[in-house]
Amino acid sequence: MTLLQLKYVIEVTRSRSISQAAQNLFISQPSLSNALKELEKEIGITIFSRTNKGIVITQEGSEFLRYARQVVEQAELLENRYSNKRLPKQHFSVSAQHYSFAVSAFVRLLEDYNLEEYEFMLRETKTYEIIDDVQKLRSEIGILYVNNFNEKVIHKFLREGNLIFHELFEAKPHVFVSFRNPLVQKEYVTLEDLVPYPYLSFEQGDYNSFYFSEEILSTLSRPKNIKVSDRATLFNLLIGLNGYTISTGVISHELNNDIVAIPLRVGERINVGYITHKNVPISQLADTYIQYVKETIAEEGS
């Protein structure tokens, strides 16, 4: 087993493709494939499953990857300590439901770390894809919510994917509306108050189950419904159509100064948290990002 082989495993996991990893590593695809097969034969496990949909890391491979990353990171620290080389390019990725605090924390991470080279990814995406991204190690962190309605289903998927849910905060439901909406005059709103207004929610693609909805009370019937795929479109429609959506009440006024959060009088709670892979320790960047998330929530939720 060589350090180079460990780097190959890490790059294939990151790229999710043998051919793309070979390009990034500046070697031929057959050479990379042979190196991986020799490594798997030597250690007696299958690290990657080759499927019609591409490369998928196995459960044994996930455990091996944890140790491989530790060895490579320590080797890079040792090399950088005793050479004049620049630090290696930093990688970090997070998948999240459409929360402004996740974006604010991501911006802070980039501003405060001041890295010379990096390759970061922030995916505001569908609930099922967040779980899938962390399970398959495309993202270190996934941000989503659970409540009494969906927690059994969500936690079932987390257990099957060897994922852990870490609670960040519990929120009372709020509605987000434009500052021009007549509802902003109210101290709180009820479901009856919302009936005349268009309801905006995020579409969930092939996994469009009530349990994967980003909004609570997803089973309620509403006369006016609009599905969107991104947060900018949703906020534009909140303003242009006097629509509303249901969320946590934590909102960045720096990023969304035209949107107002009003308490919704219902007997529900929203538990927002982040998920990580049970068998893979998070990086220093991921740990710092989580701290920024917590600080941002405290600032924007106050």
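The model is predicted: local features need pLDDT of at least 70, side-chain atom pairs count only at pLDDT 80 or more, and totals for chains, interfaces and linings use all residues. Residues are numbered from 1 along each chain as its sequence is written, and side-chain values use heavy atoms, with hydrogens and water left out.

**Nonpolar cores**

- The largest nonpolar core has 40 residues, of which Phe-92, Phe-101, Ile-143, Val-175 and Tyr-289 touch the most other members.
- Such a core is a set of buried Ala, Val, Leu, Ile, Met, Phe, Trp, Tyr and Cys residues joined through side-chain atoms within 4.5 Å.
- Buried means under 20% relative accessible area, exposed over 50%, and partly exposed in between (1.4 Å probe, protein chains only).
- Elements giving two or more residues to this core include strand S3 (90-96), helix H5 (100-113) and helix H10 (284-300); H10 supplies the largest share, seven residues.
- Helices (H or I, at least four residues) and strands (E, at least two) are DSSP runs, numbered from the N terminus.
- Leaving aside neighbours within four places in sequence, Phe-101 is in contact with residues including Ile-143, Phe-169, Val-272 and Ile-297, where contact means heavy atoms within 4.5 Å.

**Helix H6 and Ser-139**

- Thr-127, Ile-130, Ile-131, Asp-132, Asp-133 and Val-134 are buried in H6, and their cover includes S3, strand S4 (118-124) and S12.
- Ser-139, in the loop between helix H6 (127-135) and S5, counts as buried at 3% relative accessibility.
- The side chains of Ser-139 and Ser-95 make a polar contact (2.7 Å); this is a pair of N or O atoms within 3.5 Å, where within protein one must be able to donate a hydrogen and the other to accept it, and residues adjacent in sequence count only if both atoms are side-chain atoms.

**Salt bridges**

- There are twelve salt bridges, each a side-chain nitrogen of Lys or Arg within 4 Å of a carboxyl oxygen of Asp or Glu.
- Glu-299 and Arg-108 form one (3.9 Å, N to O); this pair links H10 and H5, 191 residues apart.
- Asp-132 and Lys-136 form another (3.4 Å, N to O), and salt bridges that share partners join Arg-123, Glu-129, Asp-132, Asp-133, Lys-136 and Arg-138 into one network.
- Asp-132 is buried at 13% relative accessibility, whereas Lys-136 is partly exposed at 30%.

**Surface**

- Phe-149 lies in the loop between S5 and helix H7 (151-160) and is partly exposed, with a relative accessible area of 39%.
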